[in-house]
Amino acid sequence: MFSPTDSLAIYTAVPPGTLMVTGDYFTESGNVTFICNETRVEYLERGEKVKSGHGCGGRYYQFFDGYEAQAVAHYDNELGFRVGGSAQTVIGNSLELHGSFIWQQRHRTPIVTAHHGFNNVETVWQKGSIQALLGLNYSFSVGITAIVEYWHDGRAPSNQQWREVVAGANEGASEHQLSLYRAHFATQNLFRDNLMVHLRSSNPTWQPEVTWLMNPSDNSMLIDTGLCYSKYESTRLCLGYRSYAGGNKSIYEQLSYQKTGYLSVEIKL
């Protein structure tokens, strides 16, 4: 909510951090939090970084018999009110279910406008958006964990909006507008609806994993595979490969996303 990161980062992006003051009151099975803080967004608008918002809010968390839940309310001078909540529960020894939602009063969205024969990407304010997620986490007895999630982000462009931008770019007016359009969503979802399936192994030495992410409205697909080796507690070596699919008309193809191979080495000091 306050320091979002790139949802398509190959490595887990570290939030840049925000200024905040918090206070907590703890009960036997929950707590109440009060917070005043800034909200940062990490993209440029007309070549300048979007200014931070400031506001205050609170959270109520409670652990019930068999599940836990929280409710959040916050007001920001830029984004307005944000109200939401989340809940999760564990069923048996293998299955976990979770869900969350948040309603946001104001959000920015990019639009393409024609000015003196050129197409420009500008940001406008829109009212009312909902972000919601439903998911499950299942652990198999053979040591494989599966995570399945479906989420909706009302702040993201609709499929029709994407098609209008792609059509304009294909007319040759200004192909760079696609990259500008993408820049506005470096810290938000590219698509309104997303389906993800993630599989990984809990083997202590070799940890293969695969992630499949799909936009149901467009058939754009992201496939990320990786293999990590961590025989020693202080060192972890990972190889990965990311590819995009969905055909020539998919948004990933239009944005010229490339196949990517990567190597990472983690050393604990």
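Modeller: T145 touches N137, Y138, S139, H198, L199 and R200, leaving aside residues up to four places away in sequence. Keep in mind that this is a predicted model.

Colleague: Where does T145 sit?

Modeller: T145 is in strand β10, which covers residues 144-153.

Colleague: And is T145 buried or exposed?

Modeller: T145 counts as buried, because its relative accessibility is 13% and the cut-off for buried is under 20%.

Colleague: New topic. What about the phi of N219?

Modeller: N219 is not a glycine, yet its phi is positive, about 65°.

Colleague: Which part of the chain holds N219?

Modeller: N219 lies in the loop between β12 (206-215) and β13 (220-229).

Colleague: How does N219 score for relative accessible area?

Modeller: N219 has a relative accessible area of 41%, so it is partly exposed. That class runs between the buried limit of 20% and the exposed limit of 50%.

Colleague: What is the volume of the largest cavity?

Modeller: The largest cavity has a volume of about 60 Å³.

Colleague: Which residues line the largest cavity?

Modeller: The lining is T39, R40, V41, V50, K51, S52, G53, D76, E78, L79 and R108.

Colleague: How does that lining split by class?

Modeller: The lining of the largest cavity has five charged, three polar and three nonpolar residues.

How values were computed:
Residues numbered from 1 in each chain as written. Predicted model: local features only at pLDDT ≥ 70, side-chain atom pairs only at ≥ 80, totals over all residues. Heavy atoms only, no water. Helix = DSSP H or I, 4+ residues; strand = E, 2+ residues; numbered from the N terminus. Buried < 20%, exposed > 50% of the residue type's maximum accessible area, 1.4 Å probe, protein only. Contact = heavy atoms within 4.5 Å. 1 Å grid on protein atoms, 1.4 Å probe; cavity = no way out; pocket = protein on both sides within 12 Å on 5 of 7 lines; lining within 4 Å. Points joined across faces, edges and corners; volume = space filled by probe spheres on them. Nonpolar A, V, L, I, M, F, W, Y, C, P; charged D, E, K, R; others polar.
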